[in-house]
Amino acid sequence: MKITIIQNSQPLIVNAENYENLPFLMGAKIMATCVSNTPVETMTTEPLAKTLARKHETLVQRHHSGYDFEYLTLVMEDVSKLFCMFLNNLHVYCTEETSGRHKVLVLPAKEQAVFDYFYNKIYNHQLEKNPDAINSKSAMHHIRQVALENARYTTGLDARTNICYGVSLRQLNYIYGWAEKFLAKDDYNTYESLVVDEMENFLKALDDLEINGTKIIDPILKKDPYGRSFNLFGNFERKPEYYGAVYEVYYNASATATAQMQRHRQLNYLINDPDKQQEYEYYIPKVVREIEGLDEEWVDKIESLNNIPQARLLEVRETGEVGGLVCKLKERACNFAQEETRQISSEVAYRVFTGMADYDASLSKELCDRYLNKNRCYFEDYERCPCKSPCKPDDAITFEMERE
């Protein structure tokens, strides 16, 4: 793992006499605002010794919010898909990741052979269905993308990728502490065991990172005062689903879909301990089921790899506010969205919007009328973006609605 700081916030007000504490200096200055009627003047004229004293005092007294003002952008190279999922489930971040929808990841030889096998099958099947696509650059691009995004399900969650990760100084220090906490565990589930070495490398790489000679990891700030930890996996029993202003639902999803849904940070996702599974089931893409006999090969070839594939289904608990679910539909109710994520998002919306009739019948009807049985281009409150192949009304995932 290689971590590079490619950007950090640049304060416009700073004491030029000392830059050694720069990553923490601005936050310490900003925290004088609560005791000043002239915050800009205070930040500009305050003696450095007083700022540094506040830095120490706020760190010790766990008044850490000021250190969210310092923002860092990291590039992490040669990390696993699963490691990225650990980070992305924390909500407080910006991220761009090398995607299996657009790029062939670096794979072991055996995985590469299985990936290539299904890529070629899917690619050729689509071309047979649409031979005129050969004359259209955009159509061929779409065929390649569909082949890529479905063949990647066979790859292991330890497949290497790269990620740009934007995070505050405070949050990064907390993440460091959570990684230490993770490594102090006595046991790991099968999935967690894949990232143990990466977590160790992650800490070593962060230990070496500096800005203007100052380490970005502080021994006090890394101690999260709220006692939190990584929250990707849990151990739960299914409860009756709840539909109201807030909701709680359960479903099975592949790691691929779960990773995509994590991007909707208004909602919360928890994966049940995968070691509780009595037997493994796999997501089989629609395009694979369309090719005679390929669905059986799909399972057989995936299991022959003895990896932890992205296709393996996991039990997920999703919770959140209804407004967050609407926002997710405005991203995923689209033909160009990844198939499984689109299907899950639509099904959850159907269950929640119809199921909340006893909670608020009027709101339930409004949500159903606005967002069900249609793609986002036809939502009243969605502004359609430029698109060369807009969805048609009959492209939507539909559900049988009760008649009034």
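A pocket is, on a 1 Å grid over the protein atoms alone, an open set of points with protein on both sides within 12 Å along at least five of seven lines, whereas a cavity is a set of points where a 1.4 Å probe fits but cannot get out; lining residues have an atom within 4 Å of a point. The views below come from a predicted model, in which local features need pLDDT of at least 70 and side-chain atom pairs count only at pLDDT 80 or more, while totals for chains, interfaces and linings use all residues. Residues are numbered from 1 along each chain as its sequence is written, and side-chain values use heavy atoms, with hydrogens and water left out.

**View A. The largest pocket and its lining.** About 1300 Å³ of space lies in the largest pocket, a volume being the space filled by probe spheres set on the grid points, which are joined across faces, edges and corners. Its lining comprises 36 residues, of which Gln126, His142, Val146, Asn335 and Phe336 are the closest to the centre. The helix α6 (137-151) is among the elements that supply at least two lining residues, as are α5 (109-129), α10 (286-289) and α13 (339-355); helices (H or I, at least four residues) and strands (E, at least two) are DSSP runs, numbered from the N terminus. With ten residues, α6 gives the most to this lining.

**View B. The crossing of α12 and α13.** The axes of α12 (residues 322-332) and α13 come within 10 Å and cross at roughly 145°, where axes are lines fitted to C-alpha atoms over the stretch in contact and angles run from 0 to 180 degrees between N-to-C directions. The contact (heavy atoms within 4.5 Å) includes Leu325, Leu329 and Arg332 of α12 together with Ser345, Ala349 and Phe353 of α13.

View C. The rings of Tyr153 and Trp298 have centres 6.4 Å apart and planes at 65°, so the pair is edge-to-face; rings of Phe, Tyr and Trp (its six-membered ring) pair if their centres lie within 6.5 Å, and planes under 30 degrees apart count as stacked, over 60 as edge-to-face and the rest as tilted. Tyr153 lies in the loop between α6 and β4 (160-168) and Trp298 in helix α11 (residues 294-304), 145 residues apart.

**View D. The largest cavity.** The structure holds three cavities of 30 Å³ or more, and about 70 Å³ of space lies in the largest cavity. Among its 13 lining residues, Ser346, Tyr371, Asn373, Lys374 and Ile397 are the closest to its centre, and α13 gives the most to the lining, with three residues.
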